[in-house]
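Visitor: I am new to this one. Please show it to me, and let me ask about the words you use.

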Amino acid sequence: MTKARTSCVNMPQRRDSRTGAGKAVTVESALTVCPQRAKSEANVTDAIRFNHMPRVFGIGMSHTGTTTLHKLLVGLGCCYATHNVQLVPRNLRWIWDLAGRTACQKKHNQCMHTMRAEFRRFQCVTDNPWARFWTQLLTHRERPKHFFVLTKAQSPMHYAISRYLFQTRFFRTPRISGAALRARLMAYAWEYERYTAQARAELNTSHVDYIELCWKCGDTVHELARALGSSVHVPPELAGTHANRAPPRDIHESRRLLKMMQVAE
């Protein structure tokens with residue numbers, strides 16, 4: 001992994017291999033609006049060469065600070081970046097199986113082909129569907145070319161409660177209580193523990209560079225920047241960045257559920 005990094009607003013001009021003259025469209029001018037989707041994989045290659053930041057793959061589960069990671073990566077200079085399918089063309093967003101949708105599962109081979117083609121247009125990706133299929137998107141030979149970030153929740157139960165409250169708020173999933181609620185939270189917590197353990201084991205056997213980050217545990221953009229390279233500059237405005245803060249109602253409910261499940265805040 002290259003350590004030095006140049007700001008994406010100070011990138012040199014690409015040169016025409018046939019004439020040696022500078023092209024009218026420079027890498028600098030191409031990256032004035034961030035984040036964005038690259039027109040081709042060559043654009044991503046140029047960005048990696050000029051900003052000296054590797055391809056970054058956020059493989060943490062949703063509800064572990066993936067939106068925060070995306071914002072920090074863009075702020076550190078990763079312009080070709082997408083969080084879930086936000087910058088993927090609308091006609092291709094079926095690759096993201098949200099609640100009640102199974103298009104990707106039913107057309108798995110086509111889904112993987114489409115996802116790989118889109119993946120090549122970004123230098124940094126976070127959240128699903130990328131995280132869910134990261135082991136299928138990259139061969140073992142391709143993995144060392146990427147830097148991986150495994151975001152984590154404060155605890156498995158914190159993850160479970162965050163996921164449950166998110167679903168009731170955005171997908172209008174009916175609220176439950178009693179034994180049914182306890183069972184669901186335990187199932188979510190177990191799913192989180194299993195995924196995190198499997199991801200960590202896969203990363204270690206792949207012999208790749210990666211970092212585990214937990215924003216709620218005190219990790220900051222500085223830990224991320226140091227992992228990406230000792231020369232990565234952290235703009236002052238990135239300090240304290242935290243996306244998707246829960247509304248007061250969810251914060252109160254989360255505390256109640258943590259107490260019910262006998263988990264410390």
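This is a predicted model: local features need pLDDT of at least 70, side-chain atom pairs count only at pLDDT 80 or more; totals for chains, interfaces and linings use all residues.

Visitor: Why is α3 called largely enclosed by the rest of the structure?

Guide: Buried means under 20% relative accessible area (exposed is over 50%, partly exposed in between; 1.4 Å probe, protein chains only). Helix α3 spans residues 66–75, and eight of its 10 residues are buried, so the rest of the structure largely encloses it. Among them are Thr66, His70 and Val74. The buried residues of α3 pack against β1, β2, β3, β4 and α9, with contact meaning heavy atoms within 4.5 Å. Across the chain, 45% of the 265 residues count as buried.

Visitor: Why are α7 and α8 called oblique to each other?

Guide: Angles run from 0 to 180 degrees between N-to-C directions, and axes are lines fitted to C-alpha atoms, for helices over the stretch in contact. Under 35 degrees is roughly parallel, over 145 roughly antiparallel, 65 to 115 roughly perpendicular, and the rest oblique. Helices α7 and α8 pack at about 120 degrees, with axes 8 Å apart. The pair is therefore oblique.

Visitor: Which residues of α7 and α8 meet?

Guide: Tyr159, Ile161 and Tyr164 are among those in α7, and Leu185, Tyr188 and Tyr192 among those in α8.

Visitor: What makes a nonpolar core?

Guide: Such a core is a set of buried Ala, Val, Leu, Ile, Met, Phe, Trp, Tyr and Cys residues, joined through side-chain atoms within 4.5 Å. The largest has 42 residues, and Phe57, Ile59, Met115 and Trp130 touch the most other members. Its largest share, eight residues, comes from α8.

Visitor: Which residues does Trp130 touch?

Guide: Leaving out residues up to four places away in sequence, Trp130 touches several, including Phe57, Ile95, Met115 and Leu137. A second, separate core has 23 residues, including Met53, Leu72, Cys78 and Val232.

How values were computed. Residues are numbered from 1 along each chain as its sequence is written. Side-chain values use heavy atoms; hydrogens and water are left out. Helices (H or I, at least four residues) and strands (E, at least two) are DSSP runs, numbered from the N terminus.
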